[in-house]
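The sequence and the coordinates are shown first.

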Amino acid sequence: MKPINVGLLGIGTVGGGTFTVLKRNEEEITRRAGRPIRITRVADRDLELARRVAGDGVALTDDAFAVVSDPDIDIVIELIGGYTVAKELVLQAIDNGKHVVTANKALLAVHGTEIFEAAQKKGVMVAFEAAVAGGIPIIKALREGLSANRIDWLAGIINGTTNYILSEMRDKGLPFADVLKEAQALGYAEADPTTDIGGFDAAHKATLMASIAFGIPVQFDKCHVEGLVGLESVDIRYAERLGYRIKLLGIARRREHGVELRVHPTLVPAKSLIANVEGPMNAVLVHGDAVGPTLYYGQGAGAEPTGSAVIADLVDVTRLHTADPEHRVPHLAFQPDQMADQPVLPIEEAETACYLRMRVADQPGALADITRILADNQISIDAMLQREPDEGEDQTDIIILTHRSIEGRINDAVLKIEQLPVVVGKLTRLRLEDLDK
Ligand code: NDP
Ligand code: HSE
């Protein structure tokens, strides 16, 4: 059968992995797709690198626009990254009637609405399995496998760099800055690690998953983002003593009047499966009303794991290439005219349990003042820990775990507690999720 022709834009880490796996498993992939999938053109700024990876037999160019306008190309894979050239290339490919496969979560989380609308108008597919959690087929699971369900919530470790940093901080008791340097030396964290440690990469992925889970437009600008900056090893240790681990989670939760969408360091029960996802691994927990909790685990990055997801999309697009556009799976799982207008709620309306750490003067009545403020704000205490003051020390740490409460109430209580004369400095506040319902 006639091969389907693919143009690859960017043959770096993921592009290289995609090329290698497609070649290695060509026969198996053809048996699945029903026809051969051939990368016939590769564009990369570095032609030497492209030649080394792709070898002879593939047309190479440093002009990616020449590939998206090539009439012989059926599918364009965008693996350049970023928002500028990548966006132009994707929109031009769509305009030229080509299907697009991309791993570019940043692009889709910010410009997804425009890109999916353009694809819808042209009757082409934009597939993005590789954009969330690398090799884990979470987009497929959310979009198709769980389509019977009303999704209640999802929570994921969706950034390998930060999960590696948190695992090392806990294992070795090292401070954040030291572990970050180690992660950079090992190649997990970029030279400029802002996107990862600032939580933005996880927020891009959480935004995409929320859209597919709830059928809402892609709204990265509404996602509440807190990264690892400022997280102290002492909190990892106290959390451990209370039976919790700290993970950077991307969370999307359906509420009565809207949807919560947030990324932040989160205490999760140490015995839960997700708490035991260590190093650079990823995992996503999805709760559906019919299926209950489901968990997806695997490598969230890397050449071949991410290439695996890119190729799964190539196979899907190849199979559906000749199908009527209305018979294809919608980009965001729900039919475009059935998207919900549920708002993304402001973080003040989020409902979470909390971990509060405060330094207080070790004197009678200190705790009573604090608990009174919590009670006045209708915040109920779940557990408490007080550090034994060292010999001669007149201050101590108090750690309080609260039950679920509205974030706005916690904010108010934190401000009032910080104003108490017995409290020294600022409180440390982290969110806590039991992830059991
Ligand atoms: P790389 O930087 O390794 O590869 C990108 C390649 O594209 C480089 O060879 C680069 O060349 C080339 N390139 C850049 N601009 C152009 C251009 N204008 N025309 C032609 N080629 C160009 O990136 P990755 O493979 O790591 O990432 C690709 C995408 O996949 C990104 O969107 C990323 O977020 C996503 N992703 C990456 C994962 C990973 O594990 N790395 C996992 C999941 C998603 P040069 O080096 O000269 O700039
Ligand atoms: N920087 C990302 C991570 C790569 O650390 O998980 C995969 O998207």
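Glu 260 is buried, with a relative accessible area of 1%; buried means under 20% relative accessible area, exposed over 50% and partly exposed in between, with a 1.4 Å probe and protein chains only. The model is a predicted one, in which local features need pLDDT of at least 70 and side-chain atom pairs count only at pLDDT 80 or more, while totals for chains, interfaces and linings use all residues. Residues are numbered from 1 along each chain as its sequence is written, chains are lettered from A and ligands numbered from 1 in the order in which they are written, and side-chain values use heavy atoms, with hydrogens and water left out.

Glu 260 belongs to strand β10 (residues 258-269); helices (H or I, at least four residues) and strands (E, at least two) are DSSP runs numbered from the N terminus. Its side chain forms a polar contact of 2.4 Å with the side chain of Arg 255. A polar contact is a pair of N or O atoms within 3.5 Å; within protein, one must be able to donate a hydrogen and the other to accept it, and residues adjacent in sequence count only if both atoms are side-chain atoms. A polar atom of the Glu 260 side chain also lies 3.0 Å from the backbone nitrogen of Glu 351.

## Domains and strand pairing

An automatic or database domain assignment supplies the domain bounds: domain 1 (4-135 + 303-338), domain 2 (138-299) and domain 3 (351-432). The centres of domain 1 and domain 3, taken over C-alpha atoms, are 51 Å apart.

In strand β15 (residues 395-402), seven of the eight residues are buried. Strand β13 (residues 351-361) runs antiparallel to β15, joined by seven bridges; strands pair if DSSP finds at least two bridges between them. Here Leu 356 stands opposite Ile 400. Strand β14 (residues 381-386) is also antiparallel to β15, over five bridges, with Ile 381 opposite Thr 402.

## Ligand 2

The residues around ligand 2 (a heavy atom within 4 Å) include Lys 105, Asp 201 and Ala 301. An oxygen atom of ligand 2 is 2.7 Å from a backbone N or O atom of Gly 160, and a nitrogen atom of ligand 2 is 2.9 Å from a polar side-chain atom of Asp 196. The protein covers 82% of the 260 Å² of accessible area that ligand 2 has on its own, by the Shrake-Rupley method with a 1.4 Å probe.
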